[in-house]
Structures are given as structure tokens and as C-alpha cells.
Amino acid sequence: MVYFLYEMKLLFALIISLFSLTVFGQQTNGNLVITGIVYDTDTHTPLQFVTITLQDTITKEFTGDITNKKGEFKLSVPKGKYYFIAESLSFSPFIINLLNIDQDIELGVIELNQTFEELNEVEIVAKNKLVDYKFAKKIYNASKDIANIGGNAVTVLENTPSVRVDQQGNITVRGNTATVLVNGRPYGGLKSNADVLSLIPANSIDKVEILTRSAKYEAEGGGGILNIIMKNGKREGYNGTIEIHGGIPDNDGISSFLNLKTSKLNVFSTASFNHTVRIKDTKIDQIFLDDNQDPFGNFNEDRTDNRQRNSVLLNIGSDFYIDDKNTLTTSLLYSSSNKNYDSELYINDYQPIDNLIKSSFRDVDDNTDEQLIEAFASFTTIFDKDEHKLSFNLNYNKNTSNNSTFITDIESFLNSDSNSQRSIKNQFVNNYYFQIDYTLPLKNNALFEAGHRSNFRIYENDFAVSQLNKISQLYEPLLAYSNKIKYDENIFSFYANYSKEYENISFSVGLRTEISKTEISELNNNNKITNNYTDIFPSALLSYTFENNSTLSASYDHFIDRPRINQLNPFDSFTDERFILVGNPYLKPYYTNFLLLEYHVDFEKLSLNTALFYSNSTDRIFNILEKTNNQTEDGFDIYRRIPINNGTLNYTGLELELRYSPTKQIRLIGFISPYYADLSETKENLYDYNDIIYYGRIAALLKFSNTFRFQISHEYQSPKKTAITELGTYQFTNITASKDLFEGKSTLTFKISDVFHKRKAYYESLEANAITNRTAVFDTQYLLSFTYRFNKASKRNSNNRTKDIDKNIFEIQENFK
């Protein structure tokens, strides 16, 4: 009933507003004008679609308006005394019981507080939508999506519109590698890949911003910028969330987010412990060909990977409000994880030399201990206006990783002979950066931004391979596969950005310069390779808002993708005697031009977002196979896989996203993105290809009662073909059900990932004189989680929230104080 009355008020206010504009205009003879702006108290951002109502205390007639995207409203009424209310779902109303209007009135800023009171009627409404659209960014409200409960940051990104996370942990947006930030800064020292982000519990994440790139941000990674915003309570008092979860296969853990805020200090913390086991089954069939492309032998492998991981994360931070203009923010983060990946391989290998089928068993025991320490400090000072500010950021993080891998081959015939190899890989990264940002508001809704960033990264890797001597039972080093490297990267950036908003048109233009200096050293032979280069990266964004508040925007940016450390490392891994994966210290960065055209419109029950995108990359980094001119003892050629700069890749694609609420209890979501990929000018044209790929996701959220919700989603990707490989259809279905308990203070959630066990990866290739068919699938995951929320935040009534309004303009009745 509450929502029904609210919708009637909204509709009534809209009709009155349209009637007033049509018949009387914005101000008729004898009428007075009342204007103002409505803001969210917590986020200090304008609120759109807030219902503004004036009721004449004598005639009881209503006059209404709805705030625009800037939070502005404007009413025209005759002289008199009125009852005033500003209201929006999920917010406490702002009320003036008696407003005496005898002149034009500028009410200034009206702030609304969010409220979490339980409503009696069951509804899913647009105001609680999962995705918001603003100038230069799209916001996914992750904390409102039940599909994220019990997960981590990777789970959140998998549910974020336009974002793809593949099985290798690569995070992409619209075909290109995405830059992932946490609270506006890099996370984890290394690139923020899925492995690092999986340490962050989902219940500590508020939202994800999909940002249109501007000169303010690093120029690396062109799929867009994903900024994960962590929860950070803004209301005075203490509040938090505690979550416990367990699953099959093992996915057990506990996490908490706690926050305490006073008038001078805001303290926030996140803690989590997780134990996970993922089971992956892989089947590989290979047929080897001779130079005449005739069968030369075959190889069959059944593999089971038992991937166990234990992780701990602790993070504590604070905002110290020195005064109204100056804030000092600090945070300290520590995380530790232990990974034990145990793989069992059953192999049938036809040996052409001996004309025998050799059956064997291989055990791979891969253990890694990782630690991350990060310290951050920021000082922000605000000048005469909120947007006129200067900030300084300092960040240091250290990431260490110690890995040992044992490979044991046991023959199952003759004398059950065995071989054992061991590799040890120790690496660490020290990352320092300093950043200064200055923001200056100009006249007529213009904004100037400028800043500098210095980034210093030091990476060291010690990699050694040894083989067990069967006589001495000691491991002897294989010097050909051992190396020690050091990599130094210094980047100095300067940027300037200018933006301006008119009534319907907004634009932004920027320029960023990055001066890069890199050096990679092979410490065993004192070989050094340096690379110094300076780049300029322009960016531009133009947006137009139509009368129905729909928006059309176009953007361009130029960005860089630098080679990753594992791509530069001359010796990165050694797990297969036939295929050796190595890096290339001579790799260069590659550059991409990216164009995006996007349109968004909201209707009463339907939200539509569509985008066209095009990207062009030259000298891409991709892997090729090369013969080493060596053979195994069994007579097979040994190949090495190495990355090179080669080829031009073009992506042309479409995105279409629909969000539809046919009733107040149902929300339907559909997302489809077909795109065309064309790789050309590769080495001897051996890797050239073109293909059309279709990706889609559908989801339905059903609310059966005010406390019980159910969601089902299905994801699909069509086959992907390159010159030498083909990935089969990839699809899976997830379901989630949640029940609120204890008057909404807690939630019990049950989730099944890959309900029908269809999340299989099919891979077929023809390379290195071998036809390979590979099938891999993870076990279905069952997860049960319990979340408890507590909130003792102090609330201010409407009387307290009138500080920005001239109290001489109106009277407030005593009984409302």
C-alpha cells in the first residue's frame, strides 16, 4: 500500500507539473517561483526523480514537480501558505509544515537521508535499480544484488554489466583488457587480476563504477576503468555486516565489515578468512602428425585438479576530519594466502619409435605462499567550494610469492620407473606511487582538473628447475631452465582535463602525458635491456540529454597496454617437456584507439542501454609456437610458446541491455553483445582470422514476499574461432534464493553455480604438428551463507536537515520540532 500511494503521488505530481507548464508556463501573472536542489546526504550527489509537492493550507490544492538529473526543481504558485514535502523511495521525507510564500524563494540545498525501514507491501521498484547511469560513468550497485552474497570481488565483476571474466582470470570490457581499481587506486602491486581480487569479500563492496576513460586516469588498459568502491559508512554511529558461508566443494569462510563514525573520525575495517577447494576435470586427446601431415602417434590424458586455497585479509582505515575543509585518510591492508594445487594425470602415450603404448601416471604438487602489505595515506583540502579542492596521495605495497612445484612421473609398465622434477619460483614486487590532483570549478558549470603521478615498481624473480638423480637421490639443477631477473619500471604522468555542462549538452576533453622508463636484467649473465619512451594520450567525451532525460554520448580515447611481468620473464614455467612457456624481454607496449557511442533511456517500467564500439590495436602481444630443434627421448619435437609484438586487431561490436519490471514483484534483465573480431598482418599470416562472437546474459529476479527473493541467470557465449584454435560454446545457469530474518537484520542465502553442470570449456587446435582436443569443467558449486547486519547510526529528523535553508523564509510548527 505504501508503494501504491507513493506511485499515485508521483503520477499526480507529474500531471500537475505538466499541466502547469502547458497552461500557465513556468511563471504566470501573479505567481511566485520556488526553486531548490535535492541531495543525498550520504553521497553528496544530486537526486533525480524526487517528488516535490506543495499543498495550499486553505484551498488544499496541490502543485508538484519532479527533480531533474541535477536534483533541481521549480514550482510556480500564488502567494499563500503551503505544506511542503520532498520525498523519494528509500529516503526519509523532508517536510516543512508551514511555508509562507510572499516572494520568490530559493530554498537552496535540501538533503535527504536514506532509510532502511521495512515496508509492508511487496514491490521491486525502479528506485532500487541495480544500475545507475551518470555522465562519464555507469554504476553497478553491487551491494543490492543477491547474486553477490557469499562471493568475492571476482563474483561481483562477473555480475557487472559489460564485464567479462574468463577462466584464466582475464578481466575485459568490450573486448579489451580492463583497468581495475579499488577505491580509485591500483590493488595488490601486480596487475589487479582475478586471483588477487578474489581475496576481497563481496560483502565489503558497495558498488562498481564503469568509467569512461579520461585524462585523469592511467592510460593503461583500454577496456575501460572498473573502480570497485568499498563500503565506508557515512552516517554517524556504528554499523556493519558479518557473513558466514559454507559450500560443496569446500567454500567455507567468515567475513566482516565494521564502521564507526563520529563528528571528527570515521573508522572502517574489513576482515575475512576463506578456505576453498575447486575441482577441475580435464580430458585431452592429441594426434601427432609428421611432415606429410600423416598420423605419427597419439596422446591421451585424463586430469583432475584439486585446487585448495586458504586466505586471510585484514584492512583497517580511517577518515580524520581535521576541520570542515581538511581531511586525512589512512589505511593499512594485509593479506596472506596459501595455495595447494594437486593435479593427477593419467596418460596413454603411443611411442612411434618403440611401437608401444606407454601408460603412466603424473602427479603435480604445486604450492604457493603469497603475502601482500599495503599502506595508503591521502590528504584533501577543500577551498571555497566543495569541488574546488587539492589532494595528495601516497601508496606503498609489497607483494611476495614463494612457489615450489614437484612433478613426478611413474611408469605403469616394465619396472615402474619414475622421474621427478622440481621447480622453485620466488618473486616479489615493491610498488610506490605519489599522486597530486587539483580540481577548480569555473564559471557556468565548467570544471578544470590537473595532476601528476609518479609510479615506481621493482620486481625480482628467482626461477630454478632441478631433476632428481636416481642414484644419489639428490635434485640436480637444470641450468638451461633456471634464471634470475630484475625488472624496474618508472612512469611519470601529467594530465589536464576540462569539462563543461550546459542545460542539455555536456563535454569533456583531456590530455595525458606518460614518460616511461623500464629495465629488465638477467642477473645470472648481467644482460640488461632498457626501454624509454614518452606517449601522449588524448581523450574526449560528448553527451546530450533529451527532454525525456534520455542521454546520447560519444567518446574517444587512446590507450596503452604494457607487457605483463610474466610475459617479459625469459623463463616463466616448466610443466611439460614438449611445450615450454617462456617470456620475451624484448616485448614492447602496444596502443589502441577506442570509439564508443552509447544511448540510455528510462521508461516507467523499462530501462534501455545500447552501445556501439570500435577498437583498433597495432602490434598486439600474442603467443606463437616455435620449434626448439630439440626432441624428447621419445622422438617428439620440443616447442616453446613465446609472446611477440605482431598483428593488427580490430573489434567492432554492439551492446544491448534491457531491464524490465512488468510487475512490482518481477525484474527481468537481458544483455547481449555480438562483436566482430579481425586479426591481420600476423607473422607470415599464419595467425590471421576473423570471426563473429555472440555473448549474452539473462536474469530474472522474483520477490515472492517482502522477505523472500529468488534469482535465476543464464550466461552464453558462442564458439570462438582463430586461425589455429576453436573454443566451443560456453554456457551455464546459476540460481540464488534469499530469505530475510529477524526483522530484516539478517539474510539466509542459498546459491547454486552451474546448476546443470554445463560450464564446460571445449578447445580444439591444430598447431605444432598436433591436433589437440581439450575439455575442462569445474564441479557444480553449492553455497549457503548467513549475513547479519547491525546499524546503530544516529538519525536526524527533518528539523535537523534544514541547515542549508534560510529559516527566515518560513515557519515550522512547534509540534514538528
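Predicted model: local features only at pLDDT ≥ 70, side-chain atom pairs only at ≥ 80, totals over all residues.

The chain has 817 residues, and buried residues make up 49% of them. There are four helices and 45 strands. Now take the contacts between residues at least 6 apart in sequence. Of those, 65% join residues at least 24 apart.

Look at how β1 and β4 pair. Strand β1 covers residues 31-40 and runs antiparallel to β4, with seven bridges joining them.

Next, a hairpin. Strand β8 is residues 131-134 and strand β9 is residues 137-140. They pair in the antiparallel sense, over four bridges. Y133 stands opposite K138 in β9. Two residues lie between the strands, and A136 takes a positive phi near 70° in this hairpin.

Now the rings. How many aromatic pairs are there? The count comes to 14. I'll show two.

Pair one is Y396 with Y432. The ring centres are 4.9 Å apart and the planes are at 40°, so the pair is tilted. The cut-offs behind that: under 30 degrees would be stacked, and over 60 would be edge-to-face. Y396 sits in strand β22, residues 389-411, and Y432 sits in strand β23, residues 418-442. The two are 36 residues apart, and the pair links distant parts of the chain.

Pair two is F546 with Y599. This one is edge-to-face, with 6.4 Å from centre to centre and 70° between the planes. F546 lies in the loop between β28, residues 527-545, and β29, residues 551-561. Y599 lies in strand β31, residues 590-602. So the pair ties together parts that are 53 residues apart in sequence. F546 is partly exposed, with a relative accessible area of 33%. Y599 is partly exposed too, with 26%.

There is also a cluster to click on. F73, F84 and F94 form one aromatic cluster.

Take R453: its charged end sits over the ring of Y433, 3.9 Å from the centre. Then take K398: its charged end sits over the ring of F428, 5.9 Å from the centre.

Start with D740, in strand β41, residues 730-741. Its relative accessible area is 12%. The cut-off for buried is under 20%, so D740 counts as buried. What does its side chain make polar contacts with? One partner is the side chain of R709, at 3.1 Å. Another is the side chain of T747, at 2.8 Å. Leave out residues up to four places away in sequence, and D740 touches N706, T707, R709, S746, T747 and R789.

Then E726, in strand β40, residues 725-727. At 30% relative accessibility, E726 counts as partly exposed. Which residues is E726 in contact with, leaving aside neighbours within four places in sequence? They are P719, K720, K721, Y762, Y763 and E764. Now check E726 against L766. They are 40 residues apart in sequence, and 9.3 Å apart in space, C-alpha to C-alpha.

To recap the two: D740 is buried, and E726 is partly exposed. That's my tour. Questions, please.

Notes:
Residues numbered from 1 in each chain as written. Heavy atoms only, no water. Buried < 20%, exposed > 50% of the residue type's maximum accessible area, 1.4 Å probe, protein only. Contact = heavy atoms within 4.5 Å. Pairing = 2+ DSSP bridges. Phe/Tyr/Trp six-rings, centres within 6.5 Å; stacked < 30°, edge-to-face > 60°. Lys NZ or Arg CZ within 6 Å of the ring centre and 35° of its normal. Polar contact = N/O pair within 3.5 Å; in protein donor to acceptor, adjacent residues only side chain to side chain.
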